[in-house]
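Biologist: I would like a close look at one part of this model. Please take the backbone first, then go wherever it leads.

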Amino acid sequence: MIADHVISSAARFRSFLRNIFRKRAVESDLDRELRSYLDLLSEENERRGLAPAAARREALVALGGLTQVKEQTREVRAGVFFETLLQDVYYAGRVFRRSPGFFVVVASTLALGIGITTALFSIVNAVLLRALPYPDAGRIAWLAEVNENGHRMAVSYPDFQDWRSQSHSFQHMAAYGDTDSTVSNGVSASRVHMAVVTADFFKTFGTSPVIGRTFSAAEHRIGTPPSVLISDSLWRGMFGSAPGVLGRTIKLFGGIPCTVIGVMPAGFDFPANSQLWTTAELIDEGMQSRTAHNFEVVGKLRKGVPMALAQEDVGGIARRIKANFPGTYQGKDAQVIALHEHLSGPVKPSLLMLLAAVGCVLLIVCVNVANLLLARGVARARELAIRGALGAGRARLIRQLAVESLALAVASGVAGVIFAWWTLHILKFLVPISIARVETVTIDGAVLVFAALVSIFSSLLFGVVPAFVASRVDVNETLKQTSAQHTAAGKSRRIGNLLVVSEVALAFVLLIGTGLMLRSFEQMRRQPAGFDSSNVLTAALSFPVLSVKWDAPPDRLQHYQAIASRIRLLPGVRYAAYTSTLPLSGDRRDGHFLIEGYPDLPGFQSDADFRIVSPDYFRAVGTRLMAGRLFSDRDGASDMPVVVINSAMARNVFPKGDALGHRVWFDSFDEKRIFMAIVGIVDNIREDSLIHAPNPAAYVCYTQHQLYLSDTNLVVKVDGHPERFAPAVRRIIGSVDQDIPVTFETLEELSVRSTSRQRFETAMLGLFAWLAVVLAGIGIYGVLSYLVQQTRAEIGVRMALGANSRDILAGILSRGARAALAGALLGLPVILLIARLLSSMLYNVKPFDPLTYVGASVFLLLVALLSSYLPARRATQVEPVDALKYE
Amino acid sequence: MPHANLLQGTLDLLILKSLTLGEMHGLGISRRIAQITAGTFDVKPGSLFPALHRMEEAGWLSSAWGESENNRRAKFYKLTRAGQRQLQTEATEWNRISLAIAAALGAG
């Protein structure tokens, strides 16, 4: 049996080769064989007494058609699949060449759909799917403390040390923080983003420098001469890729000399945008305090330890610490999540939403193409019928059409990838950089595979329905028709209508989604921000922490005041003030307070953001005084300590409205028991973001509190364009200290940047919805044009019988309107399904916002009427005589 | 003309059986099948030629051009060794099935 099998396989393989390579011989052999059969049969018939001609005719009838028998025989041959596939491909090419215009239109529509889907997927791929570029990246975890309210917060150094020494789940654990600094190599200076890290930081990422080494244990000791690792780009930029960079000295924070001990590889970008890494011990700020939550923590799990176990492990330690140190500022728990999730988590829902939206657009594109092919399939009914009559089976016809679709999809897929590549170059300018890893977006292998799958999938989508309809033609009926268009026309028209309704439904869903996002965005921007961003220049200043020039706080204050008073002298400057926290910066430094004469308030009710400002700050940013007074020059270091609070804090803590005159002590910030008198209440300045409700906040005058004086923001209110004042402001700061790094931004820019992600989402969604509506409009136009063309005769007859052109016009227009209405009705349940998902992304807008629904419906109806107008007008121009002649 | 539904396996079996007496051309095979099945099976060219070509590719039949009884050129098919074995296998299988079917139909 096995021997038989081998023989049979070998025989089949020989036949396969013969069939492929000696095709002509095989064909002529078959032809001779069948002719000999005919001869033998007619001879037999003659022997039965028939005349030669009759004998021959009867033999032919008995054979049942030479070509059909041949075709049937060919179909059993080995390799027939490949052979006919080649034929199909060749034939598809001929079909495309015959009507290039049609296929160029179809292929470019498809390329557009595949292209934007691929472009968006490449973002999703880079941000959400691709593993972080570190060995065993799946084992890298990110750890945070969890505060009383259940929110994540940064980790204090002593807590980190306990986690590190007591946990069993981690191979390595390291703390890090990031900050800005000037860096100078004696020749040039610039402001860079840098990280301070504890031991094992680089081991956690399994990454080593390309040149040099990481920090030694000795270098992590406080008081050791500091050393730094630099990024590849800093090495290229500042050191011109010099190989002898090791051992060179650079100055950080305007004066601390540090030795370069290594260069990190180009792909290493953690924490994001770091150009420099130094030891946490260099800064040595708040490393002893359990309540100074200054660090973030990463860790590498031991092999085989799941994230959940590590969560249990570290959570247990955190809860034990809390039991020992029950203060409000001690985290009550810990959270351990994958680093990848930490980085991509915030943007995941919106990226997935955009991917879904672009998927809708692709579906609409496919439906449109399906419709075009359907109409074309009807026109080709005669051709297909003839091929069927010549012995092509239905499967063969469907396959022929499928090959055409696939060829179309491949061509469009290639064009789509090129389009995506091009789109990405534009998208890179639009994507907010706040999305982690967005700079790594490229078209890589995964994206290409995705594009290929999308192309094949869409060819199935747009190819299958027309293929089935077109292949189901009745040979006799079709060939009998003088014009071949009637048979399949009715059926394909119904399917076409269905397709159009479904694409209108998809467009409607996208329109609603976009409408809601737009409304939400508008709501967000309409929020009272509590400040006036016009004509305000801000400058972030990082004052040297340890610089000899700046060692004592009173010195710093005097320099601040000197800088501000000189800026105030510039013509056009109204106010120059300082704040520890800019509006919308998302910078939350909050602390616990006690009210004099009150028992401690429960939990976080006695918790407020703590800001240090100069007296003019509120005037500079145009924040209204609600009650009491603002700071003045009389609130000096030796005067009575005062505080200004915002309305949120006033309402929260003093619901009876008697805030003024009470005295509060922020024990988180002042070790000494200093009660400050509440002298004023100001409007809520949105400091976190426009989306979140304003936090309770307290403002203290910088003369009375020296905390945070190393990092501050200059706020300059001017007449005219604020950017124009930047050079003068920089000169004034530079005259005090060349090494102070300054970053300028207008308050207007900051406001825009704070909503850049929502802006991006809304803009992208808007683009997709716009495409969807245009495509749906084209779909309606296509189907109605086709309808008008198909029913010319009917229209002609109606007009001959006295129907006026207004009736005809109204008839076609109402079809367009009906398609829009049916689509909207079909889309509604889909919206109901996704409304809940959407509501988490909406701000101050209900997912069933009536305005959006009415707006989208009216808009869709208008588009439908607009796209039916041209075909409708064409219908009214039908001349009864012409229409009948056409038949 | 009686029209029995020919399963593919049945047709193969009949063709193999008809060739046990010696080589034969296509028309001869279809006549022979009609004869040995007492006219129950009338194999049409549209089924016959695909089957012959398929079986030849499977190595059960071999073919050669020759002269017919009236000196006409015709393509003659004959059983190969593998074809004879295939006939045995299929005949055994067929007997088993027909017995089983007969038993099934005979069952109360």
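Where in chain A does Leu584(A) lie?

Modeller: This is a predicted model. Leu584(A) sits in a loop of chain A, between strand S13 (573-579) and strand S14 (590-592). Its phi is positive, about 60°, although Leu584(A) is not a glycine. Most residues other than glycine have a negative phi. Leu584(A) has a relative accessible area of 9%. Buried means under 20%, so Leu584(A) counts as buried.

Another positive phi belongs to Asp136(A), near 50°, and this residue is not a glycine either. Asp136(A) is also in a loop of chain A, between helix H6 (100-129) and strand S1 (140-146). Its setting is partly exposed, at 44% relative accessibility. So Leu584(A) is buried, whereas Asp136(A) is partly exposed.

Next, a peptide bond. Most peptide bonds are trans. The one joining Phe270(A) and Pro271(A) is cis, with omega about -15°. Pro271(A) is placed in the loop between strand S8 (256-263) and strand S9 (276-279) of chain A.

Ser30(B) is part of helix H2 (residues 26-36) of chain B. Ser30(B) is buried, with 2% relative accessible area. Leaving aside residues up to four places away in sequence, Ser30(B) touches Val43(B) and Leu48(B) in chain B, and Tyr37(A) in chain A.

Note on methods
Residues numbered from 1 in each chain as written. Chains lettered and ligands numbered in written order. Predicted model: local features only at pLDDT ≥ 70, side-chain atom pairs only at ≥ 80, totals over all residues. Heavy atoms only, no water. Helix = DSSP H or I, 4+ residues; strand = E, 2+ residues; numbered from the N terminus. Buried < 20%, exposed > 50% of the residue type's maximum accessible area, 1.4 Å probe, protein only. Contact = heavy atoms within 4.5 Å.
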